[in-house]
Amino acid sequence: MMAETLVSPILGPGEPAPRFTLPSVPGESVRLVDYIGRPVILVFYPADWSPDCGDQLDVYNELLPEFAGLGARLLAISGDSIYSHLAFSNARNFHFPLLSDYLPRGEVGRQYGAFEDEAGMNHRALFVLDSEGIIRWSHLSPHRSIVPGADGILTALESLPESTGPRG
Amino acid sequence: MANLLIPVSPRDHARGPADAILTLVEYGDMQCPHCALVHPIIAEIAGELKDSLRVVFRHFPLAQLHPHAQLAAEALEAAGCQGRFWEMLDLLYQDNAKLDKDSLLRSAKKARVDMKQFTRELDGQVYKDRVRADFLSGVRSGVSGTPAFFINGEKYNGAYEFDALVAALLKASRRT
């Protein structure tokens, strides 16, 4: 059994998404409550600067028009500092906020069941919240090396009663 | 296990027999260095497995990350429309640091396409939707980065190396 055994389940459908306020870039914070009112995609990921040139966050970045077409906005969360996030976001040309779950480390991740204390970083976990901030779908990748795509997110958004816009 | 949602069809760019026991679908981004590195490996594997293998290429440009990837993908389609898809793919991956428009035109010339038609179609963004459709088909199949491979419709999660890919292909062939 790998050391990275998943011991705590992530939050699931029907549970209210824990509210949080996290710094995004130097001088700015993002409050989840300001995003409630439209569907929200929450992406918990282990760390900035993944060695792959184009992976999970780059795919989501590419799909922002499709997500917007379904009324949704995306927030990504890791334990990295705002300085790392700023540099990473600029390097990859991201058009969504990277939030810094840094102080105290992993506090928000723990509330969602996504943070692994032993490793000191998040698992790869996805959540789709409806426009009232209730989790309607979540997914935990069985291992950090297994990178989830966006198919589950799109299907979950399309299943929301309030979803509008074209089916991609 | 993620599966290929849109099966291979005559609309795809395929190399190898349609009834080959193995089909390898690649979703690639023309500006991605990993894709460029794995390209000759796929060619080597195709050389080894010969008629047992059909190779299919679909576009997965991450345009926000790779500013030339979208146009390069459309250029491939334009070349493909004239039957020069694989020649163009080989040329572009040979030096995928150079994918600006002038480089694409030079490669198209080397691939011996009709330049007037090629340029007209590229400028007219004739293949923009086709490329996006490929990309979305990859998204729906669970592609989370490039390159992404599907062997007989099942996502391959191993290394982008000759031995690992061949092993996975041989394993799949024993299941057919």
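Good morning. D55(A) touches S50(A), R92(A), S144(B) and G145(B), leaving aside residues up to four places away in sequence; contact here means heavy atoms within 4.5 Å. This is a predicted model, in which local features need pLDDT of at least 70 and side-chain atom pairs count only at pLDDT 80 or more, while totals for chains, interfaces and linings use all residues. Residues are numbered from 1 along each chain as its sequence is written, chains are lettered from A and ligands numbered from 1 in the order in which they are written, and side-chain values use heavy atoms, with hydrogens and water left out.

Where does D55(A) lie? D55(A) is in the loop between strand 3 (40-44) and helix 1 (56-62) of chain A; helices (H or I, at least four residues) and strands (E, at least two) are DSSP runs, numbered from the N terminus. D55(A) is buried, that is, under 20% relative accessible area with a 1.4 Å probe, protein chains only. D55(A) has no salt bridge, a term for a side-chain nitrogen of Lys or Arg within 4 Å of a carboxyl oxygen of Asp or Glu. The nearest side chain of opposite charge (Lys and Arg count as positive, Asp and Glu as negative; His and the chain ends are not counted) is R92(A), 4.2 Å away.

Let us turn to the interface. The contact takes 20 residues from chain B and 26 residues from chain A. In chain B, Q64(B), R140(B) and S144(B) lose the most area to chain A, together 40% of what that side buries; buried area is the accessible area (1.4 Å probe) that two parts lose on being put together, summed over both.

Between chain B and chain A there are three salt bridges. R132(B) and E66(A) meet through their side chains in a salt bridge, at 2.8 Å from N to O.

Definitions and conventions:
Buried means under 20% relative accessible area, exposed over 50%, partly exposed in between (1.4 Å probe, protein chains only).
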